[in-house]
Amino acid sequence: MYRVAAIGGDGIGPEILDEGKKVLDAAGEKYGFDIGWTDFDIGAERYLETGVLITEEELKELSGYPAIYFGAIGDDRVKPGILEKGILLKMRFFFDEYVNLRPIRLLQGVQTPLAGKGPEDIDFVVVRENTEDFYVGIGSRFRKTEKKELEVVRDLYSVKFGLDVESDAEEIAYQIGVLSREGCRRVMEYAFDLAGRRQRRVTSVDKANVLSDVYGLWREVFSEVAGRHPGVATEFTFVDAMTMWFVKNPEWFDVVVTPNMFGDIITDLGAMIQGGLGLAPGGNINPKGTSMFEPIHGSAPKYKGLGVANPIATIWAGALLLDHLGEPEAAEGIVRAIEGTIRDGVVTRDLGGAAKTADVGDHIAALVRE
C-alpha cells in the first residue's frame with residue numbers, strides 16, 4: 001500500500017488528475033499494489049473564499065506522504081504569481097524538492113516539429129535544480145521617491161550609466177540569483193546517478209562566460225562531481241547554444257543538468273520537440289522526502305469542465321510517481337499504454353482526435369490492465 005496525497009488544484013486540474021488516478025489504480029491491479037489516496041482541497045476556489053493558500057498544518061500533514069500527485073494551479077480571477085508562489089513554489093521549497101525531473105521523449109505515433117527526427121532521436125532527461133538560482137525570491141523594486149537603498153544597485157548605475165539611483169533613476173528593479181556549493185552538488189549527483197543507468201553522458205548547462213561568479217561555481221562543482229564518476233562522459237554547454245542543439249541534434253543528449261532558471265526555459269523547448277505541453281510530465285523530487293508529480297502545462301481555465309483537456313501529461317507524471325515509489329515495471333507499462341492509445345487514435349483534439357478527457361483515461365487504463 002502506497003499512501004499518496006492528491007491535489008487537483010485549479011481549472012482542468014481536478015479532471016485530468018482523476019484520469020491519472022484511474023490509470024494508477026489500474027496499474028496497481030495489474031502489478032500487485034494498492035494506492036491509498038488522500039485528497040486535499042487546495043487551490044483558487046478556497047483562496048477566493050477564505051484568503052488561505054496553504055497552511056502550515058497542511059504542509060506538515062503532506063510531509064507524511066512519500067508522494068503528492070498534483071493537477072494544475074492558476075486562475076484568471078487571481079493575480080498571476082499569487083497561487084503559483086503561494087502554493088506550488090511553497091511546497092517545492094518546504095519539502096526541499098531540489099530535483100525537477102523532465103523526461104524529453106518522443107512517443108511512438110506522435111509528430112515532432114523537427115524534420116527527419118523520430119522516437120529513436122528524442123529520448124533524454126533534463127535534471128533541473130529546483131530550489132536555488134533566480135527563484136530564491138531575493139529582489140525588489142523601488143522609485144526614487146522611496147527611502148530604499150541597495151549598495152550594489154547604486155554602484156552599478158553609477159558606474160554603468162552615470163546615474164545616482166536616488167536622484168536620477170525613476171524606478172529600479174533587481175532580482176538576485178544565488179547558488180550554493182551543496183545545492184549544486186546534490187542535484188549533480190542525482191544527474192550522474194541517473195546517467196549511470198542510461199547512456200552514461202551528462203551535459204552541464206550554464207552561462208559562465210557572462211555570469212561568471214554564480215555559474216563559475218556551478219562549473220567548478222560539476223567538475224568535482226564528474227571526477228567521482230569516471231565512467232560517465234561529460235561536457236559543458238552554454239544555455240543559448242543548448243537551445244540550438246536541442247533542435248539540431250536532440251539525439252546527442254542523455255542527461256542534461258541545469259540551474260533553475262535555464263531549466264525552466266529549455267524544458268518548454270523540450271516539451272515542444274516531444275509533441276507539445278499535453279505530453280510533458282514533470283517530477284519535483286526529494287530523494288529522501290516528499291516528492292510531487294505534475295504535468296508541466298497550466299490550468300487552462302477556459303477549458304474547465306468541458307471534458308476536452310488532454311490528460312496524457314498527467315498520466316505520464318503518474319508513471320514517474322510510480323517509478324519514484326519503486327514500481328518501474330508499472331511505470332513503463334503506463335508509458336506503453338499511452339503509446340497504445342495514441343496508436344489507436346483515442347486522443348483529444350490537440351493531438352488530432354475527438355476523444356474526451358475521460359475516454360483517454362479509460363482507454364489507457366484498459367490497456368494497462370491487458
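Residues are numbered from 1 along each chain as its sequence is written, and side-chain values use heavy atoms, without hydrogens or water. Because the model is predicted, local features need pLDDT of at least 70 and side-chain atom pairs count only at pLDDT 80 or more, while totals for chains, interfaces and linings use all residues.

**Stop 1: helix H1**

Side chains of opposite charge can pair when their charged atoms come close. A salt bridge here is a side-chain nitrogen of Lys or Arg within 4 Å of a carboxyl oxygen of Asp or Glu. A search of the whole structure finds 22 of them.

Select Lys22 and Glu19, whose side chains form a salt bridge at 2.7 Å, N to O. Both residues belong to helix H1 (residues 13-31), 3 residues apart, or about one turn of the helix. Helices (H or I, at least four residues) and strands (E, at least two) are DSSP runs, numbered from the N terminus. Lys22 is partly exposed, at 24% relative accessible area, whereas Glu19 is buried, at 8%. Buried means under 20% relative accessible area, exposed over 50%, and partly exposed in between (1.4 Å probe, protein chains only).

**Stop 2: from helix H1 to strand E2**

Next, select Asp39 and Lys21, a salt bridge with N to O at 2.8 Å. Asp39 is in strand E2 (residues 35-39) and Lys21 in helix H1, so this pair ties together parts that are 18 residues apart in sequence. Asp39 is exposed, with a relative accessible area of 55%; Lys21 is buried, with 13%.

**Stop 3: Lys304 and Glu45**

Now select Lys304 and Glu45, a salt bridge in which the closest N and O atoms are 3.8 Å apart. The two residues link distant parts of the chain, 259 residues apart: Lys304 sits in the loop between strand E12 (291-295) and helix H10 (312-325), and Glu45 in helix H2 (residues 44-50). Lys304 is partly exposed, at 45% relative accessible area, and Glu45 is also partly exposed, at 35%.

**Stop 4: Phe192**

Finally, select Phe192 in helix H6 (residues 181-196). Phe192 is buried, with a relative accessible area of 1%. Which residues does Phe192 contact, leaving aside its neighbours within four places in sequence? They are Val202, Phe222, Val225, Ala226, His229, Val232 and Thr234, where contact means heavy atoms within 4.5 Å. For a distance check, Phe192 and Val125 lie 12 Å apart, C-alpha to C-alpha, and 67 residues apart in sequence.
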